[in-house]
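Student: Hi! Could you walk me through this model while I have it open?

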Amino acid sequence: MFILVLWVLGSCGQEKEKATEAAEDRIEGTLEDLSGIHDADSLAMMANNDISEMGDKMTNAEKGRFYSRLGVLYYQHSMLEKADSSFFVAQETYVILGDSSNVSHMRMNRAAMNEMMGRYDKAVEIYMEVIDFFKRKKDSLQLANSYSNLGVAYESMENAEKSIEYHKKALRIRRIIKDTINIGYSLNNIGVVFTEIIKDVDSALVYYTKAHNIFKGTKALWESATVSANIGHIYVDLEQYDKAEKYFNYSFKIFDSIKIIQGKAELLRSFGQLYFAKGEDQRAIESLNESLKLNEKAENKKEILEINRILSKIYISRSDYANAIRTMQTVNKLGDSLLNIEKQKAIADIETKYQVKEKNKTIEVLRLEEQLHIKQIRNQTMLIVSLSVIFVLLIIVYNFKTRQNKLNQKQLRLELQNYLLRIDEMQTEIDEKGDCNKFTDEKLKEFDLSERETEVLKLIAQGFKNIEIADKLFVSQNTVKTHIKNIYVKLDVKNRVEALKRVDIV
């Protein structure tokens, strides 16, 4: 029996383990399928279908892993809003699991998404939460990374003072823990702030040079090439063209050796700008055309646009107006094409390139156009809704008034009919009573009616109207009305019917 129990328990454990493995395989398979989708709308639709099918079946651990990976896929498709939402679900799931490390990583991701969407205040708020967490945890490496990210956020907000403050905090920690590569990153980031925001090229050059010296002694080839290119641009601004060419050549050789095509394309454009500044127009055109070929192959429309702008300036300076017009036509065509791209995606793509601040104007224009378009739609919608409500209210009021008038008319007709019927009944009763309806002197004396009032009352009893009574008595209608009013007072009645009843005529 004991052996049988052990066998049953072992079987149950194996079944549970198999079920867990099957669930994990299902999630991994789903994520693999989603990662193979290239269209953003299709990705969103398929992800929603998968969530509907698996939602209640996933454990919290599986849910956290699924949504964190889904957030990365959305980010890769520039669907930043959905990426932020997915990272938030993963974050809340890790909170339930008590996995504080992954909670902070999800917050870092959300901060980056909000930063790229231009929600800088929200990004800063989340970065501060992450910084507090890593401070409590005493995780120096992640704390330095958080400070660095916050510095980049303030750089995007063009708050140079705050940006440098947090980059230096990151630099201080990285020096303490001897994180060599990231020390170079911090130095380069500070150099970018001095270049792009403060416009202090001398200070920028100091930090770029320190970063370059660090990267040169490591295997960080891409970073070394990037910083070297930054230094080259500084020397172009300082009109020290030989030094600029030296650093551009260094960067180009590295990008060529590690086969970074986009890096080579950008350096060729830099060479073109350098040669143009030196007055070597033909070399500039050759370098820019080589860069143009690489960017056309990569379908990088933004770079193609910038290169054609530079080429048009060179052709104009050479009085080559035919080529200048051709390149300007290309610029206009590409400009229109780029403006027709989905605005939110264009903003996200531009904002991820922190070092290219010239494009902030394009971002702002796109954002303002989007806001204006939304505002126009909202105003038009509100106007249509308001007019519709007013129209409906007018119809309701009109119908109500019409119905009310019909009811009033119907009521008046009924009252008139009843009044006529009552008069007919009274006339019939008077005719039937004949002499019985005559006044007795005793009855009239009881109410102290005058002779003229008695005559008027007798004529009323005979069914005569005021005008007819006036004609018979040779007096005015007002006089008749006065007599009738006096009769009502003496008899203590309100109308003719009550008066006749009072003296026993009906």
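Student: Great. What kind of model is this, and how are residues numbered?

Tutor: This is a predicted model, where local features need pLDDT of at least 70, side-chain atom pairs count only at pLDDT 80 or more, and totals for chains, interfaces and linings use all residues. Residues are numbered from 1 along each chain as its sequence is written, and side-chain values use heavy atoms, with hydrogens and water left out.

Student: Helices next. At what angle do helix 8 and helix 9 pack?

Tutor: Helix 8 (residues 160–176) and helix 9 (residues 180–198) pack at about 165°, and their axes are 9 Å apart. That makes helix 8 roughly antiparallel to helix 9. On the terms: helices (H or I, at least four residues) and strands (E, at least two) are DSSP runs, numbered from the N terminus. Axes are lines fitted to C-alpha atoms, for helices over the stretch in contact, and angles run from 0 to 180 degrees between N-to-C directions. Angles under 35 degrees count as roughly parallel, over 145 as roughly antiparallel, 65 to 115 as roughly perpendicular and the rest as oblique.

Student: Is the crossing of helix 8 and helix 9 left-handed or right-handed?

Tutor: Helix 8 passes helix 9 in a left-handed crossing. A crossing is left-handed if the near helix is turned anticlockwise from the far one by less than a right angle, and right-handed if clockwise.

Student: And how do helix 7 and helix 9 pack?

Tutor: Helix 7 (residues 140–156) meets helix 9 at an angle of about 15°, with the axes 11 Å apart. The two are therefore roughly parallel, and the crossing of helix 7 and helix 9 is left-handed.

Student: What about helix 10 and helix 11?

Tutor: For helix 10 (residues 201–216) and helix 11 (residues 221–237), the packing angle is about 155° and the axes are 9 Å apart. Helix 10 and helix 11 are therefore roughly antiparallel, and helix 10 passes helix 11 in a left-handed crossing.

Student: Switching to charges: how many salt bridges does the structure hold?

Tutor: There are 17 salt bridges, each being a side-chain nitrogen of Lys or Arg within 4 Å of a carboxyl oxygen of Asp or Glu. One of them joins the side chains of Asp-84 and Arg-110, at 3.0 Å from N to O. This pair links distant parts of the chain, with Asp-84 in helix 4 (residues 80–97) and Arg-110 in helix 5 (residues 100–116), 26 residues apart.

Student: Are Asp-84 and Arg-110 buried or exposed?

Tutor: Both Asp-84 and Arg-110 are buried. Buried means under 20% relative accessible area, exposed over 50%, and partly exposed in between (1.4 Å probe, protein chains only).

Student: Which residue does Glu-245 meet in a salt bridge?

Tutor: The partner of Glu-245 is Lys-278, at 3.4 Å from N to O. Here too, distant parts of the chain are linked: Glu-245 is in helix 12 (residues 241–257) and Lys-278 in helix 13 (residues 261–278), 33 residues apart. Glu-245 counts as buried because its relative accessibility is 16%, while Lys-278 is partly exposed at 26%.

Student: What else forms a salt bridge with Lys-278?

Tutor: Glu-280 does, with the closest N and O atoms 3.6 Å apart. Salt bridges that share partners join Glu-245, Lys-278, Glu-280 and Arg-283 into one network.

Student: Now backbone angles. What is phi of Lys-178?

Tutor: Phi of Lys-178 is near 60°, a positive value in a residue other than glycine. Lys-178 is in the loop between helix 8 and helix 9, and counts as exposed at 69% relative accessibility.

Student: And where does Lys-259 lie?

Tutor: Lys-259 lies in the loop between helix 12 and helix 13. Its phi is near 55°, a positive value in a residue other than glycine, and Lys-259 counts as exposed at 67% relative accessibility.

Student: Last one: which residues form the nonpolar patch on the surface?

Tutor: Val-385, Val-389, Phe-391, Val-392, Leu-393, Ile-395 and Ile-396 form it, with about 620 Å² of accessible area together. Patches are made of residues with over 30% relative accessible area and no salt bridge; like charges are joined within 9 Å, nonpolar side chains (Val, Leu, Ile, Met, Phe, Trp, Tyr) within 5 Å. Accessible areas come from the Shrake-Rupley method with a 1.4 Å probe, and for residues, only the protein chains shown count as cover. Val-385 is in helix 18 (residues 360–433) and counts as partly exposed at 46% relative accessibility.
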